[in-house]
Amino acid sequence: MMKIGAFGEVMLRLTPPEYRLLEQSHTVRMDYTGTGVNILGNLAHFGLDTWMLTNVPDNRLGDAAKNSLQQFGMKTDFVGKHHNHLGSYFAEIGFGARPTQVTYQNRHGSSFGVSEPDNYPMDAFLATVDLVHICGISLSLTDATWASAKTLAQKAHRQQKKVCFDFNFRPSLNTEEGKKALMKARYEEILSYCDIVFGTPRDLIELLQLTNESVTDEKAEQQLIRSFLKKYDIEWFAGTKRLHQEEKQWIAGRIVTKEDVIETEPQLLTVLDRIGAGDAYAAGVLLGYAENWSLEKTATFGITNAVLAHTMLGDVPLTTREQVQQVIDHPGIDLIR
């Protein structure tokens, strides 16, 4: 069975209770999260062996974060202790017309943010796993996280390990003049080492600038994605598409290879907490990739997992294979036809 690892930041999520705003709250719920944490925690619930490569503070907060990862089922052999700060964010959960609002706190100075490549046991990590997931946020957080992500991707590629990359481009982390051009160069460099990529056509147009022409239909989108796959020799490009109809929200999944395009039927969303739902789709897709499922089965499992993740509080999708399969076998009747 394929062993999966992830490189990324562990963050502290602080959530006011009962859909309250910060001004209404005197208490918050604490959860340890992050893209890699979300994906690996979900994959561990699916029965895969998973390892996190990261650094947490060398203090009690770091101890608590590491313990939380273990409770999710992932292995922490490569979770180091470095520096003394954990990046955090407040999540004010939306309801109805009010959207969820996220407020970050000092991610740049976190233990992850200040860790250089030499602060990680990369060789031992790569000797353990078969596939590495790298979050795109590490490209823009600090120069140290960029150097670490690039070094890890290069090493993994040389050792013929599979590299999975999530664009996860955050404009809020790239507001300085000239930063977007720098990010374009960094993304182009790391993509040359990647095998599976999660993203959207918007990433290819606005960040990589692969076309100057308008992309207005499915055929044009597919041509754009296929040109991206060819340029960087990528196996899979996967992502989700959100739709709105009659004040309802729907979501569909898509996987594009050089030969095939699979897009799922849109599924109706009931949203309790949407943070981490994209990671749930990624976890479902990676499960299918790891176990050599068909593209159709993989995309269906992934998008159903994402639908279920919207119904759970917290970032980490704690779904099981049985729960996802039950929904697949007994789908609701509310489908766009």
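Predicted model: local features only at pLDDT ≥ 70, side-chain atom pairs only at ≥ 80, totals over all residues.
User: How many aromatic pairs does a search of the whole structure find?

Analyst: The search finds 15 aromatic pairs.

User: Why is the pair of F165 and Y187 called edge-to-face?

Analyst: The ring planes stand at 70°. Planes over 60 degrees apart count as edge-to-face. The centres are 5.5 Å apart, and the limit for pairing is within 6.5 Å. So F165 and Y187 are an edge-to-face pair.

User: What makes this pair a tie between parts of the chain?

Analyst: F165 is in strand β9 (residues 162–166), while Y187 is in helix α6 (residues 179–191), so the pair ties together parts 22 residues apart in sequence. Both residues are buried.

User: Why is the pair of F228 and Y232 called tilted?

Analyst: Their planes are at 50°. Stacked needs under 30 degrees and edge-to-face over 60; the rest are tilted. The centres lie 5.4 Å apart, so this is a tilted pair. Both residues sit in helix α8 (residues 218–232), four residues apart, about one turn of the helix.

User: How do you know whether Y232 is buried or exposed?

Analyst: Its relative accessibility is 9%. Buried means under 20%, so Y232 counts as buried. F228 has a relative accessible area of 0%, so F228 is buried too.

User: Which aromatic cluster holds these residues?

Analyst: F165, F167, F169, Y187, F228, Y232 and F237 form one aromatic cluster.

User: Where does K75 lie relative to W51?

Analyst: K75 lies over the face of W51, 5.6 Å from the ring centre. The cut-off is within 6 Å. R107 lies over the face of Y104, at 4.7 Å from the ring centre.

Methods
Residues numbered from 1 in each chain as written. Heavy atoms only, no water. Phe/Tyr/Trp six-rings, centres within 6.5 Å; stacked < 30°, edge-to-face > 60°. Helix = DSSP H or I, 4+ residues; strand = E, 2+ residues; numbered from the N terminus. Buried < 20%, exposed > 50% of the residue type's maximum accessible area, 1.4 Å probe, protein only. Lys NZ or Arg CZ within 6 Å of the ring centre and 35° of its normal.
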